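These are my notebook entries on one protein structure. I set down what I looked up, topic by topic.

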Amino acid sequence: MRVGQKNGLVYQWAKTGTRPRQPKDQRYANAYVFGAICPARDTGAALVLPFANTGAMQHHLNEISRGVTHGAHAVLALDKAGWHTTRKLRMPCNITLLHLPPASPELNPTENIWQYLRQSYLSNRVFGNYEAVVKASSSAWNKLIAEAGRIKSIATRSWTDIGQGP
């Protein structure tokens, strides 16, 4: 997820007939949140990095690998961005990548996490500089992780449960 000074605006409640002000910045400092979640364990791992490239993705995979329970295997659902598909990645032995079809964000529950972070913590704000973007992004992720049950409630899909009967 890209977070930056040129940030999005979201709907907000206001008294009928009023037009609340919303800040809009035209500067370009931004950071990228590389995040992965495990709805079953209600946890996640993330890094806030200055670039979205192969090196950043490798760093992210290594971080996820450290968080996978010993003896378990993680399946990481992601789109087909260039840094997700390059052969230059060294895959940890406890992670398998599942590349989703183009234009199908509804299949990736992490997209709902990004939407929640933007709606709850990151939109309708002006960041003074790159450090402020990183601080706000890190704070938003840490607040998400601290909310017991939040990841599970946002990212669980009943139609993906193939191991249980009705």
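Where is Asp-42 found? I located Asp-42 in the loop between β2 (30-38) and β3 (43-49). Before going further, I noted that this is a predicted model, in which local features need pLDDT of at least 70 and side-chain atom pairs count only at pLDDT 80 or more, while totals for chains, interfaces and linings use all residues. I also noted that residues are numbered from 1 along each chain as its sequence is written, and that side-chain values use heavy atoms, with hydrogens and water left out.

**Entry 1: Overall layout**

I read five helices and five strands in the protein; these are DSSP runs numbered from the N terminus, helices being H or I with at least four residues and strands E with at least two. Along the sequence, I found the pattern β-β-β-α-β-α-β-α-α-α. The protein has 166 residues, and 34% of them count as buried (buried is under 20% relative accessible area, exposed over 50%, partly exposed in between, with a 1.4 Å probe and protein chains only). For contacts (heavy atoms within 4.5 Å) with a separation of 6 or more, I noted that residues 24 or more positions apart account for 59%.

**Entry 2: Positive phi**

I looked up two backbone angles. Most residues other than glycine have a negative phi. Asp-42, although not a glycine, has a positive phi of about 55 degrees. With a relative accessibility of 22%, Asp-42 counts as partly exposed. Ala-103 also has a positive phi, near 55 degrees, and is found in the loop between β5 (95-99) and α3. At 78% relative accessibility, Ala-103 counts as exposed.

**Entry 3: Aromatic pairs**

How many aromatic pairs does a search of the whole structure find? I recorded two. Rings of Phe, Tyr and Trp (its six-membered ring) pair if their centres lie within 6.5 Å; planes under 30 degrees apart count as stacked, over 60 as edge-to-face and the rest as tilted. Because Trp-114 lies in helix α3 (residues 110-122) and Trp-141 in helix α4 (residues 130-146), the pair ties together parts that are 27 residues apart in sequence. Both Trp-114 and Trp-141 are buried. Tyr-116 and Tyr-121 form an edge-to-face pair, with 6.1 Å from centre to centre and 85 degrees between the planes. Tyr-116 has a relative accessible area of 17% and is therefore buried.

**Entry 4: His-84**

Is His-84 buried or exposed? I found that His-84 counts as buried, at 12% relative accessibility. His-84 is found in helix α2 (residues 82-85). Leaving aside residues up to four places away in sequence, I listed what His-84 touches, including Met-57, Leu-97 and His-99. The side chains of His-84 and Asp-79 are joined by a polar contact of 2.7 Å (a pair of N or O atoms within 3.5 Å; within protein, one must be able to donate a hydrogen and the other to accept it, and residues adjacent in sequence count only if both atoms are side-chain atoms).
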